[in-house]
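This report goes through helix packing, sheet pairing and nonpolar cores in turn. The sequence and coordinates come first.

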Amino acid sequence: MITARQRDQLSNRIQRRCTAPTDTQTFRSEVLRDLRGRIGFDAYVWLLTDPMTWVGVAPHAHVPAFEHLPSLIRYKYLTPVNRWTALAADGICAASLVHATGGQLESSLVWAKVLAEYGVIDVASSVMVDRAGCWGFLDLWRSGASEPFRDDEITALTELMPMLSRALRVRQAATFAGSPPALPRSSGPVVLILNDSLEVQNQTPATDEWLRTLLPSGPGTSAVPASVYNVAAQLLAVEQQVDAHEARARVHLSEGTWLSVRAARMGEQLAVSLEPTSPAERLELFALSHYMTPREALLLGYLADGSDTKSMAKRMFLSELTVQDHLKSIFAKAGVHSRKSLLARILGTHSG
């Protein structure tokens, strides 16, 4: 039983993690270590998400099902039970699979098709969401002789989600401060062709060069970015009316570099394309991660179009002083002091 005092202690410990200047990978590792000390689990999958499309990217995982990764991702997206999007729609931050299914775990497609084989007896699913969008979701697995997750453990996870949401959003905002390195010059489109089981069937000649540049190599790594499987799985979910979000995600690579990954149906196959994130997509992501208001986001768009204060005021039916006040707020949120530096961060031209 986790007492209120123990929940407070856990919350205080993780709050310190949230405010430390760590990257998302280190941050997730440290939080998971803290969670394991109070809420036991045998395996975990923690993905960041595109805040607009809610599609998963950048997984941080330790699971025994790595050889079945495409199937695990596919059925995770095709399972309505405790899907991160469904939890958020119901106003739920965390829930256990046993509770959600009334103990009938086979009603969960991902459990029936993948998790049962690994002796998983329960999954605690959590979603990190705020008014700007969804920033990640986390699954904790229990297997073997373990007991299902208790209500007090789910309560503890629920209480942590708002601070974890903010911490992930802040870390995503910080990625815009870096100077993007050059992406490989492609001799053509970068496209992978998958079947509905998410098995790679073919790819364009330029794809190999990109994958060598963009992916880490070594034991326990996949030859295909997880984001490719995730957007393809989301397309299947849209087609089967499990979820309506677009099959697209923006992936942070390094420094200020962002990559857009999209999936589309091509006959009986799925085509997944990779390309540098466009200025408009970067601007949207910048506004969301910096918690801009709708009016501030609109001003950012006008600023990127080259509008001056007078024209922005006219287009928005505001006084020039009011526009200047909004711009000051934008500068403060972005941590810059000039329009030039702000645009440089948004467009990725230099660190600003």
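Helix 7 passes helix 10 in a left-handed crossing. The model is a predicted one. The two axes, those of helix 7 and helix 10, are 8 Å apart, and the packing angle is about 135°. Angles over 145 degrees would count as roughly antiparallel, and helix 7 and helix 10 are therefore oblique to each other. On the helix 7 side the meeting residues are Arg169, Gln172 and Ala173, and on the helix 10 side they are Leu285, Leu288 and Ser289.

Another helix pair consists of helix 13 (residues 320-334) and helix 14 (residues 339-347), whose axes come within 11 Å and cross at roughly 55°. Helix 13 and helix 14 are therefore also oblique to each other, and their crossing is left-handed. Helix 13 contributes Gln324, Leu327, Ile330, Phe331 and Ala334 to the contact, while helix 14 contributes Arg339, Leu342 and Arg345.

An open sheet is formed by five strands in the order 7-6-10-9-8, with antiparallel pairing. Strand 7 and strand 8 (248-252) are at the edges; each has a single partner strand, so one side of each has no neighbour in the sheet. On average, and with direction ignored, neighbouring strands are turned by 25° against each other.

Two helices pack on this sheet. Helix 9 (residues 226-239) touches strand 6, strand 8, strand 9 and strand 10, and its direction makes about 40° with that of strand 9. Helix 10 (residues 279-289) touches strand 8 and strand 9, and its direction makes about 75° with that of strand 8.

Strand 9 (residues 258-266) and strand 10 (residues 269-276) are antiparallel and pair over eight bridges.

## Nonpolar cores

The largest nonpolar core has 85 residues, and the members that touch the most others are Leu35, Trp141 and Leu164. Helix 7 (residues 151-174) supplies the largest share of this core, with nine residues. Apart from this core lies another, of 23 residues, including Leu283, Leu318, Val323 and Ile346.

With residues up to four places away in sequence not counted, leucine 35 touches Leu10, Ile14, Phe41, Leu138, Leu157 and Leu160.

## Alanine 43

Leaving aside neighbours within four places in sequence, alanine 43 is in contact with His62, Val63, Pro64, Asp139, Leu140 and Trp141. One of these, Trp141, is also among the core members that touch the most others. Alanine 43 and alanine 61 are 18 residues apart in sequence, and their C-alpha atoms are 7.7 Å apart in space.

Terms used
Residues are numbered from 1 along each chain as its sequence is written. This is a predicted model: local features need pLDDT of at least 70, side-chain atom pairs count only at pLDDT 80 or more; totals for chains, interfaces and linings use all residues. Side-chain values use heavy atoms; hydrogens and water are left out. A nonpolar core is a set of buried Ala, Val, Leu, Ile, Met, Phe, Trp, Tyr and Cys residues joined through side-chain atoms within 4.5 Å. Buried means under 20% relative accessible area, exposed over 50%, partly exposed in between (1.4 Å probe, protein chains only). Helices (H or I, at least four residues) and strands (E, at least two) are DSSP runs, numbered from the N terminus. Contact means heavy atoms within 4.5 Å. Two strands pair if DSSP finds at least two bridges between them. Axes are lines fitted to C-alpha atoms, for helices over the stretch in contact, and angles run from 0 to 180 degrees between N-to-C directions. Angles under 35 degrees count as roughly parallel, over 145 as roughly antiparallel, 65 to 115 as roughly perpendicular and the rest as oblique. A crossing is left-handed if the near helix is turned anticlockwise from the far one by less than a right angle, and right-handed if clockwise.
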